[in-house]
Amino acid sequence: MANYQTIDPYTEEIIATYTTATTATINKALAVGNAYYQTTQQLGFAGVQARTRQLQRLATIFEQNATRLATTATANMGKLLRESRAEINGSIGVANYYADHGAAALQPHIRQYQGVEQAQISYEPTGIVLAIEPWNFPYTQVMRVFAPNFILGNPVILKHASSVADCALLFTEMVQAAGIEPAALQNLFLTDEQAATVIADQRVQGVALTGSTRAGRAVASEAAQALTKSTLELGGNDAFIVLADADVPAAAAAAVGSRLRNAGQVCVSAKRFIVHQAVAPAFTAAVKAAFAQQKIGDPRDETTTLAPLASQTVQQRIQVQVDLAIAHGATVLVPGGLVPDQPGYFFKPVLLGDITATNPIFDQELFGPVGQLHIVASDQAAIALANHSQYGLAGTVFGATKHAQAIAAQLETGQIFINQQAVAQPELPFGGVKNSGYGREMSEQALFEFANQKVIAY
């Protein structure tokens, strides 16, 4: 039977190995989760209010255990320790958001129909939600699904990425330390085939996946066969547009920060720098200098600026993409790539130019520290290039505020950030269009994705 395994991306040493779930374990988890759902469904809105207090306690537990959580994330997926600490703060922020606002959003309310008649609309849980989560943000990705569904009353079964198995176990430990019933969040080390079996079970009423477009298609198909609702947060090839009236130093700093955050392993990071020719020389010079100055090393060392990639698979995949781009005419503006003759899955930043629409990587997601520079002659050319993508997750526009807002309104994507990096916020709906998926995480919208919006007309 396949195993889950955690490997330190800096030392390449195996940390732990876990056996995947047995059929008996899966059946028990489904039974326990369904029993929990039956209880929360009967409690109604009173249960929402009680769970609010438990979620506040979970935020406190995360804060009290921040060092342990952060060091485990760095050991499992290699991110800079300070970025791991920031992720813990982000998870706390998500928990606090739903603790503060969840009950109000789920409050039953009265709506009129036919002018004079009334109906009550209430929000009820629907059943087990399977959360299939990635390795790049091992805590916040889970919290974004768990917190709203916990408030609502849906139990969550977690299928986390193999490489962050320790983080998955630690998250469930924190949940139980907060006094939350273990049935509310159960971690299972599942194979893809076992996950498909779980999706097909009638007690499972929702599937939330964050991952690749390929994984999204597979899960969406499995969920559709079971008539089970799904939400998909998939890849992105996000445009970072720099207009002629942009603050160029600020734009360049944000572009570099966005592209290299988490070693470039962020779905909403800037992937394509689309720059007006009037400011292209200054912007390019600033980005080239910053890319070249990155210091790779131990992610626990505060002087390190670029951590290793999460796995050898990720490292090799992005090198293949860079080589493919160059073979089809891309220009290397900042050389980099695999770092040989030393342990660690390091990848020095690469900046590529002259990538045409015929280049095979033109609309591939580059999940690592590789930037693409496109220089355009007009706003309309920038918009057309940004929209020429199978993806539509996020984007950024730098320029005079009203000018940037006018450009943002014409972009085909789920979220646009003006004069700032694209970063998920708990108050804002998070999700994309086109091959970046469907459904929304965060904000009050996440509370309703797997809710029964029940109408009682009288």
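In what order do the seven strands of the open sheet lie? This report answers that question for a predicted model, and then turns to a pair of helices and to a loop.

## The open sheet

The order of the seven strands is E12-E15-E16-E11-E10-E17-E18, and their pairing is mixed. In general, the strands of a sheet pair through backbone hydrogen bonds, and they do so either parallel or antiparallel. At the edges of this sheet stand strand E12 (331-334) and strand E18 (416-418), each of which pairs on one side only. On average, and with direction ignored, neighbouring strands of the sheet are turned by 25° against each other.

One pairing may be followed in detail. Strand E15 (residues 350-353) and strand E16 (residues 370-376) run parallel and are joined by four bridges. Glycine 353 has leucine 373 in E16 as its bridge partner.

## Helices on the sheet

Helix H11 (residues 312-327) lies across E12, E15 and E16, and runs at about 30° to E15. Helix H12 (residues 379-387) also packs on the sheet, where it touches strand E10 (239-242), E11 and E16. The direction of H12 makes about 170° with that of E11.

## The pair H1 and H2

Helix H1 (residues 23-43) packs against helix H2 (residues 45-64) with the two axes 5 Å apart and at an angle of about 110°. Angles of 65 to 115 degrees count as roughly perpendicular, and H1 and H2 are therefore roughly perpendicular to each other.

Which residues of the two helices meet? From H1 come Tyr36, Thr40 and Leu43, and from H2 come Phe45, Ala46, Gly47 and Arg51.

## Two residues with positive phi

Most residues other than glycine have a negative phi. Asparagine 262 has a positive phi, near 55°, and is a residue other than glycine. Asparagine 262 is placed in the loop between helix H9 (248-260) and strand E11 (272-276). Alanine 263, likewise not a glycine, has a positive phi of about 55°, and its place is also in the loop between H9 and E11.

Are these residues buried or exposed? A residue counts as buried when its relative accessible area is under 20%. Asparagine 262 has a relative accessibility of 2% and so counts as buried. Alanine 263, with a relative accessible area of 3%, is buried as well.

Note on methods:
Residues are numbered from 1 along each chain as its sequence is written. This is a predicted model: local features need pLDDT of at least 70, side-chain atom pairs count only at pLDDT 80 or more; totals for chains, interfaces and linings use all residues. Side-chain values use heavy atoms; hydrogens and water are left out. Axes are lines fitted to C-alpha atoms, for helices over the stretch in contact, and angles run from 0 to 180 degrees between N-to-C directions. Angles under 35 degrees count as roughly parallel, over 145 as roughly antiparallel, 65 to 115 as roughly perpendicular and the rest as oblique. Contact means heavy atoms within 4.5 Å. Buried means under 20% relative accessible area, exposed over 50%, partly exposed in between (1.4 Å probe, protein chains only). Two strands pair if DSSP finds at least two bridges between them.
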